[in-house]
Amino acid sequence: MAAPWWRHCRRWSTYCLNPLLVETGWCFNTRSVSSVSRTSWSVWSRNEVQPPSSTQPNLKPLICGNRLKSRLPFSALQSCCCRTIHSDTKPKDPFSLAQKDLTTLYDDIKKELFVSKHELKHLCDYYFDGKGKAIRPMIVVLMARALNIHSNRAGDLLPGQKAVAMISEMIHTASLVHDDVIDGSDKRRGKRTINEVWGEKKAILVGDFILSTASMALARIGNITVVKVLSQVIEDLVRGEFMQLGSKENENERFKHYLEKTFKKTASLIANSCKAVSILVNSDPDVHEIAYQYGKNVGIAFQLVDDVLDFTSGANHLGKPSAADLKLGLATGPVLFACQQFPELHAMIMRRFSSNGDVDRAWQYVLQSDGVQQTSYLAQHYCREAIRHISMLQPSPERDALIRLTDMVLNRDK
């Protein structure tokens, strides 16, 4: 019988942190990877990354330093993940490279959302104030340009590709409005939430309106396959939210449940948006898969880092209260990893940290464990998978910027 998932995760990261191996500059080689029982990975869903195959070249270290004993800053631990993986030339800053394509993003969205009723218009424009990071449309436009070059076309965006970038931001923002209602949040992006200012009923209606407007813009693209791909995102968002409302009694199923929920709520939008822009320029399914896999792996890594920041970054950095996930009754990666050192957490997870003192005790257990570091290692692994896929495209500044983006995902502090 295969051992529980966490034993192999801990074996994997413990091996990588062997001081002798770190000192020699290697985390593990192909023999050490293939020695991990293949059946132990069966708990990972088809949407999750698979372990490196024995035919892949040697991998470089995932982390620098000793587990628990390391006192390096968290960003320093992360920074050694992806920088030596690819070319010698320094990639351009992703934000600078995508800036031209995103200059009119929020103006275009406001035009789509234009209504004569003043209050509804004000609510719709509330989060489209130009102060968001626009991570998702940035990834989409960089992916589109990289794919256009790969497909022997000019790098400039096609009208449909530009529309996908806009639609991705609209779907994302609508999901945030609805999430804030479900979670009872009072702060988002450093400002009061729509439900806090105008009430839950109007917030739900605004989220629905943004989503319906995005659907109309999607239909105008005129490509039925793109419509199907991006419609999957909306289904995944709903399914992911339902998954978040439940808890798995079986300890060995919790991590699979957590990763699948992470894909549906966060990574599906990025993965399918990247796939959509690839469909518009290239008919090769292998190219579509490259774009999809990059978006999926970066999206999961982004959420894993977000879950880490809930324990390592204050509310001033995040724009929302820290320990928010615990207060919502959610067991994220750091908590699930910490369970192996503090079994008391299992009962807390099942009651969703609802008893007096649960949140504070769980917080302390996570900080005393290596749950944060283990989640960081997993995020690094997903970033390496993203790099492996995007590197299959023809060289271009945009492709290299997408590679650099993986390092920025790992090192962000908000």
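**Salt bridges and beyond**

Author: Glu385 and Arg388 sit 3 residues apart in helix H20 (residues 371-390), so about one helical turn separates them. One caution: this is a predicted model.

Reader: Noted. What do Glu385 and Arg388 form, and how far apart are the closest N and O atoms?

Author: A salt bridge, with the closest N and O atoms 2.9 Å apart.

Reader: Is Glu385 buried or exposed?

Author: Buried, because its relative accessible area is 7% and the cut-off for buried is under 20%. Arg388 is partly exposed, at 35%.

Reader: How many salt bridges does a search of the whole structure find?

Author: It finds 16. Another one joins the side chains of Asp125 and Lys121, at 2.8 Å from N to O.

Reader: How many residues apart are Asp125 and Lys121?

Author: They are 4 residues apart in helix H7 (residues 118-125), so the separation is about one helical turn. Asp125 is buried, with a relative accessible area of 14%. Lys121 is partly exposed, at 26%.

Reader: And Arg399 with Asp400, buried or exposed?

Author: Both are buried. Their side chains meet in a salt bridge too, 3.0 Å from N to O.

Reader: Which residues are linked in a network of salt bridges?

Author: Asp101, Arg145 and Asp156 are linked that way.

Reader: Switching to rings. How many aromatic pairs are there?

Author: The count comes to 7 aromatic pairs. In one of them, the ring centres of Tyr126 and Tyr127 are 5.3 Å apart and the planes are at 50 degrees, so the pair is tilted.

Reader: Why tilted?

Author: Because the angle of 50 degrees falls between the limits: under 30 counts as stacked and over 60 as edge-to-face.

Reader: Fine. Are Tyr126 and Tyr127 buried or exposed?

Author: Tyr126 is buried, and Tyr127 is as well. Together with Trp198 they form one aromatic cluster.

Reader: What lies over the face of Tyr126?

Author: Lys191 does, at 4.1 Å from the ring centre. Elsewhere, the charged end of Arg136 sits over the ring of Phe302, 5.8 Å from the centre of that ring.

Reader: Now the surface. Which residues make the nonpolar surface patch?

Author: Ile182, Val238, Phe242 and Leu245 make a patch of about 420 Å². Helix H12 (residues 224-245) gives the most to the patch, with 3 residues.

Reader: Where is Val238 placed?

Author: In helix H12. Val238 counts as partly exposed because its relative accessibility is 47%.

Reader: What about Ser268, buried or exposed?

Author: Buried, at 0% relative accessibility. Ser268 is in helix H13 (residues 251-279).

Reader: What does Ser268 touch?

Author: Leaving out residues up to four places away in sequence, Ser268 touches Gln232, Val233, Asp236 and Phe263.

Reader: Zoom out. How many helices and strands does the chain have?

Author: It has 21 helices and 2 strands. Buried residues make up 55% of the 414 residues.

Reader: Which share of the contacts comes from residues 24 or more positions apart?

Author: 75%, counting contacts with a separation of 6 or more.

Definitions and conventions
Residues are numbered from 1 along each chain as its sequence is written. This is a predicted model: local features need pLDDT of at least 70, side-chain atom pairs count only at pLDDT 80 or more; totals for chains, interfaces and linings use all residues. Side-chain values use heavy atoms; hydrogens and water are left out. Buried means under 20% relative accessible area, exposed over 50%, partly exposed in between (1.4 Å probe, protein chains only). Contact means heavy atoms within 4.5 Å. Patches are made of residues with over 30% relative accessible area and no salt bridge: like charges are joined within 9 Å, nonpolar side chains (Val, Leu, Ile, Met, Phe, Trp, Tyr) within 5 Å. Accessible areas come from the Shrake-Rupley method with a 1.4 Å probe; for residues, only the protein chains shown count as cover. A salt bridge is a side-chain nitrogen of Lys or Arg within 4 Å of a carboxyl oxygen of Asp or Glu. Rings of Phe, Tyr and Trp (its six-membered ring) pair if their centres lie within 6.5 Å; planes under 30 degrees apart count as stacked, over 60 as edge-to-face and the rest as tilted. A charge sits over a ring if NZ of Lys or CZ of Arg is within 6 Å of the ring centre and within 35 degrees of the ring normal.
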